[in-house]
Amino acid sequence: MQEINQSHVTEFILLGFSFSPRTMPLLFSAFLMIYLLVILGNSTITILICLDSRLHKPMYFFIGILSLLDVCYTTTTVPQMLAHMASQKKTISFARCVAQMYIFLVLGVTESWLFAIMSIDRYVAICHPLRYKVIMSPLLCGVMVIFCGLWGVISALLYTVFAMRLPYCGPNKINHFFCEVPAILKLACADTSVNDRVDFILGFSVILVPLFLILVVYVNILVAILRIRSAQGRLKAFSTCASHITVVTMFCVPAMVMYMKPGSEATPEEDKKLALFYNVISAFLNPIIYSLRNKDVKGAFLKVTGWGRAPE
């Protein structure tokens, strides 16, 4: 099961969650159902945005990209987790582990910056409504998304290179349900203090900088909302931002705790719970948050499915 020589680990064992054998079938069913709902919910939103012309707006373009990222994000980790829960074999090759780590980071960093871009979209929509379509042109929206993707590719490469340059000579048991940087670093046969500092510095560019940008944008949005005279107008303006604020909080806060605290302060069980939350639970809740109170999305769903008349 292990293929370890004296100098280099060729595969890892993912220990996953510490569940009793009696509860494993129930938890497997629960995680499988959540994963299928993540795929169904986010795919539905993406399809609706593509099919309904009323959703061909910058806000929904970014929501569609977010849904696509969530599908890929969870697919990077959850199917493997389910396979390991249903099997006695819990190994992953060194190369697959590196690939999973890199892809996971690319998608995560891209999503983190996408949240910042979405806050800018809300700022323009609320503070400059008459110029919204001119400012948030399709070209600018596309460039913004490309920027997020490129930043994800570069940042993930730095994270991965600094993590995998260390020697891994055993043990090879990762106390996690997928290959994530903090869990991998615990197995390194060398001092990881440099990696802790690098991860902390990179964390500024991929988590704190987007969060700071979001905070600045929403302070300006709040000032603009308070200038609206009618209470109904203020409520409508704030409601357009509430969904975004909720989603950002669910994703960025656990990710910040995971990647910006020193490795010595992290416990494996806490890491697994945090990773499960920002990797799976947030992706599960995003379609609900964005569609439950959104008349346009519900109207598009009724129109596409033919189940009823779309609200005007």
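**Terms and their grounds**

Modeller: In this predicted model, Cys169 counts as partly exposed, because its relative accessibility is 31% and that term covers values between 20% and 50%.

Biologist: Why is Cys189 called partly exposed?

Modeller: Cys189 has a relative accessibility of 32%, which again falls between the limits of 20% and 50%, so the term applies.

Biologist: What makes Cys169 and Cys189 a disulfide?

Modeller: Their sulfur atoms are 2.2 Å apart, and the cut-off is 2.5 Å, so the pair qualifies. Cys169 lies in the loop between α6 and β3 and Cys189 in the loop between α7 and α8, so the bond ties together parts that are 20 residues apart in sequence.

Biologist: Why is the disulfide of Cys169 and Cys189 called left-handed?

Modeller: The torsion about its S-S bond is about -130°, so it is left-handed.

Biologist: How many disulfides does a search of the whole structure find?

Modeller: The search finds two. Cys97 and Cys179 form a disulfide as well, with 2.1 Å between their sulfur atoms. This pair links distant parts of the chain, 82 residues apart, with Cys97 in helix α4 and Cys179 in the loop between β3 and α7. Both Cys97 and Cys179 are buried.

Biologist: What makes the contact of Arg54 and Asp52 a salt bridge?

Modeller: The N to O distance between their side chains is 3.4 Å, and the rule asks for a separation within 4 Å, so the contact qualifies. Asp52 is buried because its relative accessible area of 1% is under 20%, whereas Arg54, at 34%, counts as partly exposed.

Biologist: Which other residues meet in a salt bridge?

Modeller: Arg122 and Asp121 do, at 3.0 Å from N to O. Arg122 is buried, with a relative accessible area of 8%, and Asp121 counts as buried at 1%.

Biologist: Which residues lie nearest the centre of the largest pocket?

Modeller: Arg122 is one of them, together with Met59, Tyr60, Thr240 and Asn294. The pocket has a volume of about 930 Å³, and α9 gives the most to its lining, with eight residues.

Terms used:
Residues are numbered from 1 along each chain as its sequence is written. This is a predicted model: local features need pLDDT of at least 70, side-chain atom pairs count only at pLDDT 80 or more; totals for chains, interfaces and linings use all residues. Side-chain values use heavy atoms; hydrogens and water are left out. Buried means under 20% relative accessible area, exposed over 50%, partly exposed in between (1.4 Å probe, protein chains only). On a 1 Å grid over the protein atoms alone, a cavity is a set of points where a 1.4 Å probe fits but cannot get out, and a pocket is an open set with protein on both sides within 12 Å along at least five of seven lines; lining residues have an atom within 4 Å of a point. Grid points are joined across faces, edges and corners, and a volume is the space filled by probe spheres set on the points. Helices (H or I, at least four residues) and strands (E, at least two) are DSSP runs, numbered from the N terminus.
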